[in-house]
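User: Hey, can you walk me through the aromatic contacts in this one? I'll paste it below.

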There are 2 protein chains.
Amino acid sequence: MNPLFAAMSVFVVALSVPVVKANEPAPALMPWPAEIKMQSGRFRLDSGLRLAVDGQVSDRMAGAATRFLRRLDERTGLFLAQNRISTADRDSTAQIRLACHRPGQLELFEDESYRLTITPAGVELSAVTDIGILRGLETLLQCLAADQDGYYLPALQIDDAPRFPWRGLMLDVCRHFMPMEVIKRNLDGMAMMKMNVFHWHLSEDQGFRIECKTFPKLHEMGSDGFYFTHAQVREVIAYAADRGIRVIPEFDMPGHATSWFVGYPELASAPGPYEIVRSWGIMDPVMNPIREETYEFLDRFLAEMTALFPDDYFHIGGDENNGKQWNANPEIQAFMQAHGIPDNHALQMHFNNRILELLTKYGKKMVGWDEILHPGMPRNIVIQSWRGKEALIQAARQGYQSILSNGYYIDLMQPTDFHYLNDPLPADTPLTADEAKRILGGEATSWAELVTPETVDSRIWPRTAAIAERLWSPATVQELDDLYRRLNRIDFLLETVGLTHRRNTELMLRRLADGGDIEPLRTLIDVVEPVKIYNRHRQGKTFTSYSPYTRAADAAHADQPVARNFRRLVQDFLQQRDRTQAEQIRLLLARWQANDAALQKTLHRSPISRDVAPLSKSLALIADHGLQAMDRLERGKHLTAKELDAARLDLQQAKQPAAECELMVVSAIEALVESAATKAKSR
Amino acid sequence: MNPLFAAMSVFVVALSVPVVKANEPAPALMPWPAEIKMQSGRFRLDSGLRLAVDGQVSDRMAGAATRFLRRLDERTGLFLAQNRISTADRDSTAQIRLACHRPGQLELFEDESYRLTITPAGVELSAVTDIGILRGLETLLQCLAADQDGYYLPALQIDDAPRFPWRGLMLDVCRHFMPMEVIKRNLDGMAMMKMNVFHWHLSEDQGFRIECKTFPKLHEMGSDGFYFTHAQVREVIAYAADRGIRVIPEFDMPGHATSWFVGYPELASAPGPYEIVRSWGIMDPVMNPIREETYEFLDRFLAEMTALFPDDYFHIGGDENNGKQWNANPEIQAFMQAHGIPDNHALQMHFNNRILELLTKYGKKMVGWDEILHPGMPRNIVIQSWRGKEALIQAARQGYQSILSNGYYIDLMQPTDFHYLNDPLPADTPLTADEAKRILGGEATSWAELVTPETVDSRIWPRTAAIAERLWSPATVQELDDLYRRLNRIDFLLETVGLTHRRNTELMLRRLADGGDIEPLRTLIDVVEPVKIYNRHRQGKTFTSYSPYTRAADAAHADQPVARNFRRLVQDFLQQRDRTQAEQIRLLLARWQANDAALQKTLHRSPISRDVAPLSKSLALIADHGLQAMDRLERGKHLTAKELDAARLDLQQAKQPAAECELMVVSAIEALVESAATKAKSR
C-alpha cells in the first residue's frame, strides 16, 4: 500500500471508535454509491477552507479541484480564499485533501473507484486514478448541507466504484443541430452523474454535422452551414476529457446517409441527385456496397476521422437500412448472385466487414447498432442493442461485447421508473457469469426529431440521471420512492451546472402566453405530458426539421412531478384515508377546477396556446368530478348512478390526447370516482 | 427611381384612399421609428404565408429572411410551409415582399433606412441596402399581433432611418470571460434593437482574451486558458455581419495591460515579473513608451490583429493610466526631459501618435477613450467619451468625431430613464450644426467586474434597449410612460432571441433557495436593487475575479419593474386618491408585510440567502407603516406623533443597504406616511 493511503487508513480507523452521537442522515446522492456509512459529526465550511492535492496529480485533477471550489462557492457564497488549484498545491494541513496514484486513461475498464471520508476535521478523497477523484468530487458536492450555523459536510465514509464500465449518452446533433454550448452543458451534466461515454451522432439523412477536410462537400453541401469544425471537435474532446468522459463519434452507414450524397451522389446505390432530408422517417438512400470507390472514399474519410477522435472505439451506425435502393439496383443484385450473398442483411455484413478492415487498419474497434450482429462478423466488435434486449443476450452468448440502449430511448418521453428498472443484467438474466461480463453497460439515446437546442436538456434531464444510476450503482438499488426523492434534489443541482431544462421551460411558457401571466398555463402543463413513444407524429401535424417546436407539447416534460405526486397521493389516500392527504387532494382538484377560467385570458391573447383548450376544459371537468367523489368518500356516501355516468363520460373524454399531449391525472381521479361509486356500481 | 420602388409607390398611393374603419393601434415598437402612420385593416397570417425577395439580394438578406420566418413560426406555431429563403425566391405573388437596391457595406454612415408597408393584402419592405431590410424585418416581427381569429399584422406605413450612425454595445470579456454563446445571443439582442457596433473589449489587466499567433504567450500566459481563437473571432465577425453589425476590437494600451506583461514583461515600464490580476481597480503596470522594442512588438501585433478584424476602426483604449510606473522609471523621466515632454499625458500622446502611425499603415482609423484627446493629436481619430460629456463637446469643437458612453455605463445599475434621457445631442447643445455632425452616436458599456456569463444579460437588457432607442429614434421621442410600456413588451421579446436575463434569474433564485420554494425570495428581490454606481465595492466584501457572483445582489436587477410601478402608483394615488389605486397599494403592502415570515423557511435552509434578512425585515416593517398610513388616508385621519416617529425611524433604517442591495419602495412608503402625517406634523 502506498504510504499515502496507509496514512489515510489510520485516519479512518481512528474514526471508527464508537461514538455516542447519532449518525448524520444520508445526503440525496445520485448515483447512489456502492457502499456508504454515515457517521456522526459535521465538517464546517468557511472562507478559510483550503484544498490540497497529493500523489500523481494531473492537470485534469487540478482543474477539477478548481471547478469544485468555484461550484462550492457559487452555492454557498462563502468567498473561498483559494483561487486556482495547481498540481503544486500540496499543503498537508489543508482540510480537503485529494490523492490519487496515477492519471487515468480514457479507455474502457479504467479504474473510476474512489474512497471519500468526511470527519468533523476534514475531508479525504483518495482514488487509484484522477478520474476516480473526479467522480468523488461530484459526490462531495452532493453532500453539501446546511443548518443554523451555516454550511457543512456530514461525516461519512463512501467506497464507490461503478457496476458497468460503459455509461453513455448518445446525442443526435443531426436532425436538429445542437451547438457547442448544448454539448458542453450536457457533458457537465454527465460528469455530475458520473457518466463516461459521450456518443456523438454526427451524420444522418438530415445533416452531416462535422467538417471534413478530405471531402469538404460533405459539410458544405450536407449541413446548411450547421456543423462542427475540427477545432470545435477538439474543444469538445478536451472538455470531455477534463471531465473523465470518452468521446465516440458515430457516422451512420450505409443507411441514414442521404446528407453525404448531396455532395457525393456517386456513393449512393441510386443515381440521385440528392437533397438534405427535412422530414422524419426511414429513408431509402443507402451507400453502394459493391463499388470499390465507396471503400476508397470511406478509407480516406476514416483516415481523417479516426485521427481526429482519439478513443479506441468508433461507431458506424448500421441501423435501419430498408434495402430498397439495393433491391432496385440490377448491378447490386448481380453482385449478390455472383458472390452468393443471400439477402440484404448479408450484403450489409459484407459492407460492415470492409469497414471493419479499415477501422482495424486505423487502430479502432467497431461499434454498431444491433443490425450489425451477424454470424459472419468477428468477435471484436461491440453491439449496441436498441431494438430489444434479445440482441443484447444473443450478442453476449455469441461472444460479442454489447451495450444496452433499448429501454433507454429518452426521446420517447417515458417515465423515469421505466428507464430506471431497465437493467442490462437483471437478477433473472439467462446469461452465464462469463457471458454476463460481455455486457459493458448502456447508453441513453437522445434522438432529435422533435428536439431543439431550447428543449433538448428537458428531454434528457433529469430522467437520464436515473439511467446513470442504473449503470453505476449496485443492482439492488431500485427503490422508486427513494429514487424520486433523490431525483427531486438532483433535478435542482443539474441546473446549477448550466443545464436549461427548467429555466427554458419558463421561457417557453412566457412565449406561449405571449409575455402575459404564465401561472394558469403552468398549472395545466404541470399535469400534462407529450404523448409517448412516437405518437406525436400521429396527431395530425406533420413535423419537419423547420417546424416550430415551441408549443405546449414542447414545453411539457415527461414524468411531470406534480402529476406523479398526485397519483401517488391518491393511491395512498385510498388505502389510508388520511385527512391531510384528503386536504392536499382537494386543494389540487380545486386549483385545476378553477384553472380553465383563469387560462382563458392567455388563450385569448395567444393563439399558439389555444390547442390546449380541450385539455384545460377536461381537467376542470374531471377535477370537479374528483371533488364530488372526495366529498362522498369523506362523508361515507356514494355517487349516484347519474353522477357516476357523467363522471365516467368526462373521464373517458379526458383520456383523449389534445395538442399532442395527455392529461396525467385522469387515472387517479378515475380511481377516486370509482372508489366513491361502490354503491352505485352494485345497484 | 428604380422600377421596383415605383411599383411600390403605386401600391402605397392606392392605400391612401380614405377609409371609414378606424386605424389600428400602434404596436409597441422599439426603437420607435422615425415616421409611422397607422392605417386600418389587418394582414392575416396562416401557414400558407409566402415571402419573396427582389432587387440585389445578398446571402445576408436571404439568411435574415429565413431567420425571420423561423422566429415568426416559433412565436405563432403556424407551421409555415416555407423553409429556407434563397436569393432566387422571387415569387411576385408572395404576400411578404422584400426588396433592396444593393448589399450594404459594414461601415460608418452606411444607409440603414427602410420603408415598411403593411396592408390587408400583404407586406412590402423596401430599402436601399440589405442592412435596411434587416432593420425592417425586426420592426415587422415587433408588429405581430393576435385577435380571436388568429395572428395578424396591423396595416401601417413606416419610414425609418437612424438618427446616429454609431449605435454600439461594448462588452468586457476580460474581467470575467464571456464565452461564444454570450457574444452570439447579445449580437441577436443588438440586432433586434437595430444596434450596429459590437465593441469587443479584448484585453485587460485581468485577462488577454484572444489568441495571438505572433506572440502566443499573450493568450497562453495571460488568459488562464479563457480566450477566443482566430476561428472563433472570425465566427463572431461573420455572425455579426449577418446581422448588420460591425465588430471593433479594443486592445487597451498603454495601461490596463498587465495580462500582456505576464508573458512579455519587457513591454512594461517596470521589471516585473507580472501575474494575471485577479482583483479590481486601477493598476500601475503600463507599457514602456520610450523603448523602440515596444513599438516593434506592437507593430507585429497590430499587423496580425488588423488583418483579423475587417472594420475600418480599431480601438486602442488609452484610459486610466495612473502614470506611477512612468514616474518611477528614471530612463522614462530622462527621456521626457530630453524630448521636452512636460507630463504623463503628453508622454501618452507620444505613445498614441506612434500607435496611430502603425494603425494608419494598416489602413485603420483609431478610436480611444477620452484620455487620448490631446491638442497634439491629428483630427482623424474618434474619441469615446466616458468621463463626462465635456470631452464629447470639446472633441467636436476641436474637430474630432466622437461617441458618447458617459451616461451609458450599464454596469452601474442605474435606472432605464437615466440612460434614456442622456442624449448625445440634447436640444440645448452648445455645438454648431457642423460641430454637431461630428457626434457619431454612442455605446452602452458593459464592464464585467461584478458580471458573469450567468448574469451578464440581465446587466445589459432590457436597459440597453432604451439606449438603442435614444441613438436610433428622433430626439423628440422621450416620453417615459410610453418608454416603459414598450420596454415591458421588448423585455419579453428579447428573451425569445435567446437572451437569458429573465430565465437565469429564476435559476439564481432557485439556487439561493437551495432548490426550495422561490416565491418569498422573488417577492423580496422584486423590490430590491443592487446598490448603484460602484458602491457594491464599499459594502464590506472584497470582490475578485473568482468571487461568487450568485448572491441576492447578483440576482437582483436594476430598475425593478415591481418597485418602479409601485412608486408610480403611490405618486398617482396621492394626487388622485383613486379607490382602485388604493386597493392595489394595499395588496402589495400586505404581501410585503407577510413576506418576511414566509421567507424565514428559505433563510433557514439556505445560509447564502441569509444576508437579505435585514432587507426583508425592513420591508415588512415599512409595509406595516404603509398600511397604517393608507388606513388613515382613506379614513381621513392622521397618524399620531408616536406612530409617525416609529414609522420615520423604520423608514430611515430601511434606507440602509444590506446584502449590497437597497429597498426601492422606501421613498414611496415614506410619501404615504408623510402624507398621512399632516396633522401630527403640525401638532
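User: Start with Trp200(A) and Phe309(A): buried or exposed?

Analyst: Both Trp200(A) and Phe309(A) are buried. Keep in mind that this is a predicted model.

User: OK, and how are the rings of Trp200(A) and Phe309(A) arranged?

Analyst: Edge-to-face, because their planes sit at 85° with the ring centres 6.3 Å apart. Trp200(A) belongs to strand β9 (residues 197-204), while Phe309(A) is in the loop between α8 (292-308) and β12 (313-315), so the pair ties together parts of chain A that are 109 residues apart in sequence.

User: Which residues are in the cluster that ring pairs link up there?

Analyst: Phe177(A), Phe198(A), Trp200(A), Phe226(A), Phe228(A) and Phe309(A).

User: How many aromatic pairs over all chains?

Analyst: 46 of them.

User: Switching to chain B. What's the geometry for Phe251(B) and Phe301(B)?

Analyst: The centres of those rings are 5.0 Å apart and the planes are at 90°, so Phe251(B) and Phe301(B) also make an edge-to-face pair. Phe251(B) comes from strand β11 (residues 246-251) and Phe301(B) from helix α8 (residues 292-308), so this contact ties together parts of chain B 50 residues apart in sequence.

User: And what relative accessible area do they have?

Analyst: Phe251(B) is buried at 0%, and Phe301(B) is buried at 0% too.

User: New topic: charges over rings. Where does the charged end of Arg354(B) sit?

Analyst: Over the ring of Tyr295(B), 4.1 Å from the ring centre. In chain A, Lys194(A) has its charged end over the ring of Trp472(A), 5.9 Å from the centre.

Note on methods
Residues are numbered from 1 along each chain as its sequence is written. Chains are lettered from A and ligands numbered from 1 in the order in which they are written. This is a predicted model: local features need pLDDT of at least 70, side-chain atom pairs count only at pLDDT 80 or more; totals for chains, interfaces and linings use all residues. Side-chain values use heavy atoms; hydrogens and water are left out. Rings of Phe, Tyr and Trp (its six-membered ring) pair if their centres lie within 6.5 Å; planes under 30 degrees apart count as stacked, over 60 as edge-to-face and the rest as tilted. Helices (H or I, at least four residues) and strands (E, at least two) are DSSP runs, numbered from the N terminus. Buried means under 20% relative accessible area, exposed over 50%, partly exposed in between (1.4 Å probe, protein chains only). A charge sits over a ring if NZ of Lys or CZ of Arg is within 6 Å of the ring centre and within 35 degrees of the ring normal.
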